[in-house]
Amino acid sequence: MNENELRKIAEDYPFAGRKPKQADTVVRVGEVEFGAGHFAVIGGPCAVESERQINEAAAAVSLAGAALLRGGVFKPRTSPYTYQGIGEQGIAMLVAAGKRYGLPVVSEITAAEQIPWFSEVDLLQVGARNMQNYALLKALGQCRQPILLKRGLSATLQELLFSAEYILAGGNPNVILCERGIRTYDTITRNTLDLAAVPLLKKLSHLPVIVDPSHGTGIRSLVLPMSLAATAAGADGLMIEMHPHPEQAMSDGEQSLTVEEFRELIVAVSRLRTVSGNCSRLRDDQ
Ligand code: PEP
Ligand code: MN
């Protein structure tokens, strides 16, 4: 596909496309900004497991200098026999931990009926399994909070952008796209992290694009190198799973960083950004 054909694709998206809006969109989550050169890291456990665990995680996120705290309370798991999340009561734990450490919070919403429970959650995550849950996307179009929209397990980038259209066309202008790996024939990694998606999405769309190398690889030792690669590719942020005690995690412990590894990652990414952040062509060459 040549550059002209790519430009034509951008015209298919009246709200998300680069054609109607040339300038990068900045999405604000509390005081934190994503897009147009603003970069932020979201850190925290896969799941909120207890008050103590989420407070320990929040302390580590804050101390490392990351910007947002994550933690799922509704976990859409492949097997119904694995941990399904702490449920609605976990939202209060997450919000309290975020407030205590001055961090905006992000959590995954899995159904439109849950919207009232998420009123104090700063960023609503749509997980890979719900990227094409159109009823949910339409409902989120009416929400005041920004939305973190993750790419579906086998979704094309055009499908991801159409899902963003559902939210934007519904009246919510604040959408952050997230590359989190897709299913390919390789089975060693949990998914295949598609980093070309970053510059490509930014060519097609003005929306911020972040990368989740935790679900994108499923392997702890790959999270740092893929974070650096995503940063170098021009991502507007990262979402990293980190657990105070990964070996005790109820879900995704094998891909979760320790507190120390998370701290090292933030340092390494910041160092890289002082170099690559100056490369304007990485941001946008329209
Ligand atoms: C998550 O962020 O914990 C998660 C379930 O991610 P995904 O929807 O990308 O699988
Ligand atoms: Mn997870």
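A residue is called buried when its relative accessible area is under 20%, exposed when that area is over 50%, and partly exposed in between, with a 1.4 Å probe and protein chains only. With a relative accessibility of 35%, A36 therefore counts as partly exposed. The model examined here is predicted, and local features need pLDDT of at least 70, side-chain atom pairs count only at pLDDT 80 or more, while totals for chains, interfaces and linings use all residues. Residues are numbered from 1 along each chain as its sequence is written, chains are lettered from A and ligands numbered from 1 in the order in which they are written, and side-chain values use heavy atoms, with hydrogens and water left out.

Distant parts of the chain are linked by H215, in helix α7 (residues 213-217), and D252, in the loop between β10 (237-241) and α9 (259-276), as the pair is 37 residues apart. Here helices (H or I, at least four residues) and strands (E, at least two) are DSSP runs, numbered from the N terminus. H215 counts as buried because its relative accessibility is 8%, and D252 is buried with a relative accessibility of 8%.

D252 also has a backbone feature to look at. Most residues other than glycine have a negative phi. The phi of D252, however, is positive, near 60°. A36 likewise has a positive phi, of about 55°, although A36 is not a glycine. This residue sits in the loop between β2 (32-34) and β3 (40-44).

A pocket is found on a 1 Å grid over the protein atoms alone, as an open set of points where a 1.4 Å probe fits, with protein on both sides within 12 Å along at least five of seven lines; lining residues have an atom within 4 Å of a point. The largest pocket has a volume of about 250 Å³, the volume being the space filled by probe spheres set on the points, which are joined across faces, edges and corners. It is lined by 18 residues, and the closest to its centre are P76, R129, R190, H215 and D252. This lining comprises 3 nonpolar, 6 polar and 9 charged residues. In this grouping Ala, Val, Leu, Ile, Met, Phe, Trp, Tyr, Cys and Pro are nonpolar, Asp, Glu, Lys and Arg are charged, and the others, Gly among them, are polar.

Ligand 1 has its own surroundings, made up of 13 residues, of which the closest are R70, K75, A128, K150 and R180. To be counted as near, a residue needs a heavy atom within 4 Å of the molecule. An oxygen atom of ligand 1 lies 2.8 Å from an N or O atom in the side chain of R70. For the side chain of K75, the corresponding distance is 2.8 Å, and for that of R180 it is 2.6 Å.

Two further positions complete the picture. V105 belongs to strand β5 (residues 105-108) and is buried, because its relative accessibility is 1%. V105 and G44 are 61 residues apart in sequence, and their C-alpha atoms are 9.6 Å apart in space. E159, in helix α5 (residues 157-169), is partly exposed at 32% relative accessibility. Between the C-alpha atoms of E159 and M131, 28 residues apart along the chain, the separation is 8.9 Å.

Notes. A polar contact is a pair of N or O atoms within 3.5 Å; within protein, one must be able to donate a hydrogen and the other to accept it, and residues adjacent in sequence count only if both atoms are side-chain atoms.
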